[in-house]
Amino acid sequence: MSVSTKPFNRRNFIKVSAAVGGGLLIGFRWGMASDWDAKGSGVFKPNAFLKIDRDGSVTLMSQNPECGQGIKTAFPMIIAEELDVDWKDVTVEQAPLDTDAYVRQVAGGSGSIRSSYTVLREAGASARALLVAAAAKQWGVKPGQCSTRNSVVSCKGKNASYGDLVDAASKLPAPKSVKLKDKKDFRIFGTRIPNCDNDGIVTGAQKFGIDTQTEGMLYGAISNPPAHGLKLGGFNDSAALNVPGVTKVISWDDKVAVLATSNYAAFKGKDALQIDWKENGVRENTAQISNDFAKAVENGNGDTKRKVGDVHAGLKKAAKVIEATYEVPFVSHAPMEPINTYADVKKDSAYILGPTQTPERARQAASQILGIPESKIKVDMTRIGGGFGRRLKTDAVEDAVNASRLAGAPVNIVWKREEDMHAGNFRPAALYKYQAGIDKDGNLDTWYMRSASTFERGAVRAENFPNGGVPNYQVDTFAIPSKITSQAWRSPHHNVISYTDQAFLEEVAKELGKDVLEMRLELLDRAIHDPQGKLDYDPVRLKGVLEAAAKMANWGNAPKGVGQGISAHYSHHSYVGQVAEVSVENGNLKVHKYYCAVDCGQLINRAGAENQCEGGIIDGLGMAWFGDMPIEGGSSKNLNFDSYRLIRMNEAPDVETKFLDTDFPPTGLGEPALPPAPAAVANAIFAATGVRVRKLPFVQNKLA
């Protein structure tokens, strides 16, 4: 464990004062501890606050939106570990959008814990030092003679609660330096703490953006173009206006919105609209897009994302060349909570409330629409009912702002499920062509991958394994222009490139007659001892999770009738190895067991981490098994959960997770467990049946 013992000047980190009504208030800089005078003011400006009241309760403001990643529980755990408080006394509140105060105020990229870990520990340690100093002063002893435990300071038989000490502590100067705990002294890190929102979610008490209600508020239902690329011609709203509760029909750009006094009336009014949609060029189809992908990788000049050695020379001199093509479809984010945002637009200001993963971008979008400064726009965040990247897009915010602007009233926009399924922003479809060159000694010498997708930056992560283990390595991408809207989907690009890389690697191993685990380990050993080109991952840590997963699963000794598949992947600074055990009977897939080994550094909340891994695996497995959003005539074919298939509870496997005990600082887990899952199952299907699945979803392949 890398423990910070670096002294810090109290002026550049912490400000101590009395809280309103009594108690201790500590201000500190979250995310940029040394940025106290970033604007050259020479004045320390706290951007986060830790408050301890006279009753001993501790409150922390959370800068990041909560969308299920568990930070509302993990952040207080970090504070509580260093502060030595009773866990039940700690609560966390959602901070409003304030980009002058907070840094990286966004939910995405599995970065919340990683970016906040050290500063939160230092804040907790500083508060503890103040409380100990206050007790020592009262008792006439040295602070070093005191100890703390469960919100109590003790010394030579004397005890004082934190609540009894806060007023005295608030009058003391900030500590000049603090020493963070040694790993051996941790009492909270690595334990299981239930998510603080569990009770509210289970009982229905938890409020989400869709629950927003204010005086005079209207509900709004949106009609987007029913096919990608269509334009709005005109509309007849007479039938919609006859729906009881409908008050107004408005339009902007290529959208029509029905406003009503209830959500039900708004939806009924939307269904009654008669809209003329105008053609705007050729309508796209999945088959046509797939053909464009294939032509590009065969004949096009791509954008080279990584190049080591010379793949063309490697293939030319190879004793054997192995080729395969993989393909993945568009998929929907399909969050359980429908897309929604509330907006109240005034003449020279606006208020926005909703489940956004990126409140700053939401404010920027509103400012551009309204032509008023961002400083006049306030954004608050609600608890998010699933995002997976969908709520990084600000389309619902723009709808709410436009509707409120035109209606002159506060409006809560709610998209029907079908609207998001046909006008949402999908995980981009992509095609991957691999060529592996084998030298005369039977070694993997060349790895050449050419990928085409509808995403302009390409749906690849070229820096990952087996990069580093192959002398000639190159990844090219081809961007195919498309009207189909695409954007980040949980663990962007990793969610598919791990599947295609790890599945093709197994094809190579099988062709060479090598054990699929041993071949991975051989390549990682080369990356460790003789790295080929620049490495962006730690091959020792990747090897560690691969070996740990294999050991958990008793690799090579699968139960009778069961096939084992293995994969490993690095993403978002975390390392994950997985083994899946499956069987196929009469063409039907059953995933029995999943073993997952994780190196995410110091573990904070074991319960939250296990949930993130289990959720990521099941989400990744469901995407690979069923996820598909076919496009015909420019329109989505699966418009609701009756046709857009998600994995069901009885199809979810039993997951066993092991966290490696390493000395690295913590990294995130919202995404890293998902990418290895599709490959582990695809490889297990091959082990069970001999069928190599090269196209997702699994359900569209003949497995026996």
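Helix H2 (residues 112-139) and helix H3 (residues 162-169) cross at roughly 90 degrees, and their axes come within 9 Å. Here, axes are lines fitted to C-alpha atoms, for helices over the stretch in contact, with angles running from 0 to 180 degrees between N-to-C directions. Helices (H or I, at least four residues) and strands (E, at least two) are DSSP runs numbered from the N terminus. H2 and H3 are therefore roughly perpendicular to each other; angles of 65 to 115 degrees count as roughly perpendicular, under 35 as roughly parallel, over 145 as roughly antiparallel and the rest as oblique. This is a predicted model, in which local features need pLDDT of at least 70 and side-chain atom pairs count only at pLDDT 80 or more, while totals for chains, interfaces and linings use all residues. Residues are numbered from 1 along each chain as its sequence is written, and side-chain values use heavy atoms, with hydrogens and water left out.

In the pairing of H2 with H3, Arg128, Leu130, Leu131, Ala134, Ala135 and Gln138 of H2 meet Tyr162, Leu165, Val166, Ala168 and Ala169 of H3, where contact means heavy atoms within 4.5 Å. The residues of this contact divide into nine nonpolar, one polar and one charged. In this scheme Ala, Val, Leu, Ile, Met, Phe, Trp, Tyr, Cys and Pro count as nonpolar, Asp, Glu, Lys and Arg as charged, and the others, Gly among them, as polar.

H2 also packs with helix H1 (residues 71-83), at an angle of about 35 degrees and with the axes 7 Å apart. The crossing of H1 and H2 is right-handed; a crossing is given this name if the near helix is turned clockwise from the far one by less than a right angle, and is left-handed if anticlockwise. On the H1 side, the residues that meet H2 are Ile71, Ala74, Phe75, Ile78, Ile79, Glu82 and Leu83. Their partners in H2 include Ser112, Tyr117, Leu120, Ala123, Arg128 and Leu131. By class, the contact of H1 with H2 has 13 nonpolar, three polar and three charged residues.

Ile617, Gly620, Leu621, Met623 and Ala624 in H15 meet Ala677, Pro678 and Val681 in H16. This contact has seven nonpolar residues, one polar residue and no charged residues.

Leaving aside residues up to four places away in sequence, Leu589 touches Val582, Ser583, Val584, Trp625, Val681, Ile685, Phe698 and Leu703.

Ser491, in the loop between E22 and helix H12 (494-512), is buried with a relative accessible area of 0%. Ser491 touches Ser571, His572, Glu671 and Pro675, not counting residues up to four places away in sequence. Gln612, in helix H15, is buried at 12% relative accessible area. The C-alpha atoms of Gln612 and Pro672 are separated by 9.0 Å, although these residues are 60 apart along the chain.

Finally, the backbone has some local details to look for. A cis peptide bond, with omega about 20 degrees, joins Phe465 and Pro466; Pro466 is in the loop between strand E21 (444-453) and strand E22 (472-479). The peptide bond from Leu696 to Pro697 is cis too, with omega near 0 degrees, and Pro697 lies in the segment after H16. Lys156, a residue other than glycine, has a positive phi near 50 degrees. Lys156 is in the loop between strand E7 (152-155) and strand E8 (158-161) and counts as exposed at 68% relative accessibility. For Asn554, phi is positive and near 55 degrees; Asn554 is found in the loop between helix H14 (539-552) and strand E23 (563-571) and is partly exposed, with a relative accessible area of 45%.

How values were computed
Buried means under 20% relative accessible area, exposed over 50%, partly exposed in between (1.4 Å probe, protein chains only).
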